[in-house]
Amino acid sequence: MHQVFISYSHTDRDKAAKLAAALQAWGYTVWWDPDLLGGDDFRSQIAAEIQQSTVVLALFSERSTHSGWVLDEAGRAAQSNKLVPVLIEPVPVPLGFGQIHHCDLRE
């Protein structure tokens with residue numbers, strides 16, 4: 001079981017990696033898709049990790065706000081009251097997530 005699940009667009013992989021490393025340095029356990037192994041059923045693995053995580057950080061950028069995967073993962077997290085929207089670029093929080101206080105990591 002991990003404390004933090006990171007949802008992001010693959011084009012933002014460097015930013016996700018930096019955030020994961022910082023969180024791990026602070027002692028948090030983090031799950032993100034590099035933890036998937038060849039042959040894993042990634043859909044069920046992702047669903048299980050979202051369910052088991054304490055918090056889901058959805059990294060919102062120009063690309064991720066158009067990603068079905070990121071929006072679906074954020075939606076599942078919101079339904080479980082685990083979502084923390086994180087702005088990594090100057091974009092509006094996607095529709096449906098604006099009622100949740102977001103973190104601003106654009107700097």
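This is a predicted model: local features need pLDDT of at least 70, side-chain atom pairs count only at pLDDT 80 or more; totals for chains, interfaces and linings use all residues.

Which exposed residues does the face of H1 turned away from its buried side carry?

Modeller: That face of helix H1 carries the exposed residues Asp14, Lys18 and Ala25. The helix itself comprises residues 13–25, 13 residues in total. From its first C-alpha to its last it reaches 18 Å, close to the 18 Å expected at 1.5 Å a residue.

The buried residues in H1 are Ala16, Leu19, Ala20 and Leu23. These lie on the same side of H1, because they cover an arc of only 100° around the axis.

As to what covers the buried residues of H1, the cover includes strand E1 (4–7), strand E2 (30–31) and strand E3 (55–60). After the helix comes Gly27, whose phi is positive, near 100°.

The model has three aromatic pairs, one of which is formed by Phe5 and Trp31. Their ring centres are 5.2 Å apart and their planes stand at 15°, so this pair is stacked. Because Phe5 lies in strand E1 and Trp31 in strand E2, the pair ties together parts that are 26 residues apart in sequence. Phe5 counts as buried because its relative accessibility is 1%, under the 20% limit. Trp31, at 3% relative accessibility, counts as buried as well.

Methods. Residues are numbered from 1 along each chain as its sequence is written. Side-chain values use heavy atoms; hydrogens and water are left out. Helices (H or I, at least four residues) and strands (E, at least two) are DSSP runs, numbered from the N terminus. The expected span of a helix is 1.5 Å times one less than its number of residues. Buried means under 20% relative accessible area, exposed over 50%, partly exposed in between (1.4 Å probe, protein chains only). The arc is that of the directions from the helix axis to the C-beta atoms. Contact means heavy atoms within 4.5 Å. Rings of Phe, Tyr and Trp (its six-membered ring) pair if their centres lie within 6.5 Å; planes under 30 degrees apart count as stacked, over 60 as edge-to-face and the rest as tilted.
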